[in-house]
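Here are a few exercises to work through with the model open in your viewer. Try each task before you read its solution.

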Amino acid sequence: MSMSTIKDNTDVMSNLALTVSQQLIMYSLQYYKTESDILRSPKNKSNEAKKAWLIRWEKSILGGLNSQGNEKITIIPKDKIRTYVMNELEHVHGNKLWYYLVIL
């Protein structure tokens, strides 16, 4: 593998990396998508397992983000996600790659 190939791969990976703010947007959307599924599912053991899984997942995700030395991070309130996305889109000056990764 040549040095230029390594550099090219590094550039691609750095372009695919999400900032903490972008990760928080993505995880918040995933949280609400899962919560919506739970609320729409029949009340049974499977639903209870989903609720328990969501709680564990949230703790794990937020624990990882908070361990990066950031201020206390929580899931973005549902009514604030649009504002966070718009602020991030303005902040990155036209590079929407992160946006497309998040909405996948």
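**Exercise 1.** Find what the side chain of Ser28 does with the backbone nitrogen of Ile76, and work out whether Ser28 is buried or exposed.

*Solution.* Start with the atoms: a polar atom of the Ser28 side chain sits 2.9 Å from the backbone nitrogen of Ile76. Helices here are DSSP runs of H or I with at least four residues, strands are runs of E with at least two, and both are numbered from the N terminus. Then check accessibility: Ser28 has 0% relative accessibility, so it counts as buried. The scale is under 20% relative accessible area for buried, over 50% for exposed and partly exposed in between, with a 1.4 Å probe and protein chains only. Finally, list the neighbours: leaving out residues up to four places away in sequence, Ser28 touches Ile75, Ile76 and Ile81, where a contact means heavy atoms within 4.5 Å.

A word on ground rules: this is a predicted model, so local features need pLDDT of at least 70 and side-chain atom pairs count only at pLDDT 80 or more, while totals for chains, interfaces and linings use all residues. Residues are numbered from 1 along each chain as its sequence is written, and side-chain values use heavy atoms, with hydrogens and water left out.

**Exercise 2.** How many salt bridges does a search of the whole structure find? Sort them by where the partners lie.

*Solution.* The search turns up two, taking a salt bridge as a side-chain nitrogen of Lys or Arg within 4 Å of a carboxyl oxygen of Asp or Glu.

- Lys50 pairs with Asp37, with the closest N and O atoms 2.8 Å apart. This one links distant parts of the chain: Lys50 is in helix H3 (residues 45-66) and Asp37 in helix H2 (residues 20-40), 13 residues apart. Lys50 is partly exposed at 27% relative accessibility, and so is Asp37 at 35%.
- Glu48 pairs with Lys51, with the closest N and O atoms 3.5 Å apart. Both lie in helix H3, three residues apart, about one turn of the helix. Why does that spacing work? An α-helix has 3.6 residues a turn, so residues three or four places apart point the same way. Glu48 is partly exposed at 45%, as is Lys51 at 31%.

**Exercise 3.** Which residues of helix H4 are buried, and what do they pack against?

*Solution.* In H4 (residues 81-91), the buried residues are Ile81, Val85 and Glu88. Look down the axis: they fall within an arc of 65°, so they line one face of the helix. (The arc is that of the directions from the helix axis to the C-beta atoms.) They pack against H2 and helix H5 (97-103). On the other side of H4 you'll find Arg82, Glu90 and His91 exposed; Arg82 has a relative accessible area of 66%. Just after H4, His93 takes a positive phi of about 50°.

**Exercise 4.** Which residues of the largest nonpolar core touch the most other members, and which element gives the most to this core?

*Solution.* A nonpolar core is a set of buried Ala, Val, Leu, Ile, Met, Phe, Trp, Tyr and Cys residues joined through side-chain atoms within 4.5 Å. Of the 21 residues in the largest one, Ile25, Tyr27, Tyr31, Trp57, Leu65, Trp98 and Val102 touch the most other members. H2, H3, H4 and H5 each give two or more residues to this core, and H2 gives the most, with seven.

Terms used. A polar contact is a pair of N or O atoms within 3.5 Å; within protein, one must be able to donate a hydrogen and the other to accept it, and residues adjacent in sequence count only if both atoms are side-chain atoms.
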